[in-house]
Amino acid sequence: MNSAARRIGRTLALVLPVVLVLSGTLAVTAVPWASTATDSQMLTASTGNAATKTVTRAPEEALRKRLLVELQEKDPGVALTHLQEATTKRPSLARHCVSIARDLGRAAVAKYGAAHRAQAFSRPVCDTSFATGVAAAQ
């Protein structure tokens, strides 16, 4: 009895995957979009004009945009802290740190209207780039 059950189990273990693969293949070829008729219309990714285009941004540009929004919503100190954390977490962003901090300095002056108010948030992030941005915005 045990050998018969074992033999049936082995047979099922070998035959069942083959049956499943074949039935799946036949099911996929039977769907309408797989037909080879010439009157069928196929839509490909390159057909026509796309309604929306995906724009991939460089990581430093995404970070710059996020920090500028954060500066407007909160304050420059929070944005500078997050800039420091981002450059620590991803060292590849460090070469863009100076330009981002400078842009944050300019945006801080635009937000507060006075350089001395924006300068109050200065931090030693990316040397003195934030202060340079504040001074350049005057």
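Helices here are DSSP runs of type H or I with at least four residues, numbered from the N terminus. With that in hand, welcome to the tour; please keep in mind that this is a predicted model.

**Stop 1: helix α4.** Select residues 97-112, which make up helix α4. Now show the side chains of Arg 106 and Asp 103: both belong to helix α4 and sit three residues apart, about one turn of the helix. They form a salt bridge, with the closest N and O atoms 2.9 Å apart. Colour the two by accessibility if you like: Arg 106 is partly exposed at 36% relative accessibility, and Asp 103 is also partly exposed, at 24%.

Stop 2: Is Arg 64 buried or exposed? Arg 64 has a relative accessible area of 13%, so it is buried, the cut-off for that label being under 20%.

**Stop 3: along helix α2.** Next, select Glu 61. Its side chain meets that of Arg 64 in another salt bridge, 3.4 Å from N to O. Both residues lie in helix α2, three residues apart, or about one turn of the helix. Glu 61 is partly exposed, with a relative accessible area of 36%.

Now display the four residues together: Glu 61, Arg 64, Asp 103 and Arg 106 are linked in a network of salt bridges. A search of the whole structure finds four salt bridges.

**Stop 4: the helix pair.** Hide the side chains and show helix α2 (residues 59-73) beside helix α4 (residues 97-112). How are two packed helices described? By the angle between their axes and the distance between the axes. Here α2 and α4 pack at an angle of about 25°, with their axes 10 Å apart. The two are therefore roughly parallel to each other, because angles under 35 degrees count as such.

Stop 5: Leu 14 is found in helix α1, which spans residues 2-29. With a relative accessible area of 65%, Leu 14 is exposed.

Conventions. Residues are numbered from 1 along each chain as its sequence is written. This is a predicted model: local features need pLDDT of at least 70, side-chain atom pairs count only at pLDDT 80 or more; totals for chains, interfaces and linings use all residues. Side-chain values use heavy atoms; hydrogens and water are left out. Buried means under 20% relative accessible area, exposed over 50%, partly exposed in between (1.4 Å probe, protein chains only). Axes are lines fitted to C-alpha atoms, for helices over the stretch in contact, and angles run from 0 to 180 degrees between N-to-C directions. Angles under 35 degrees count as roughly parallel, over 145 as roughly antiparallel, 65 to 115 as roughly perpendicular and the rest as oblique.
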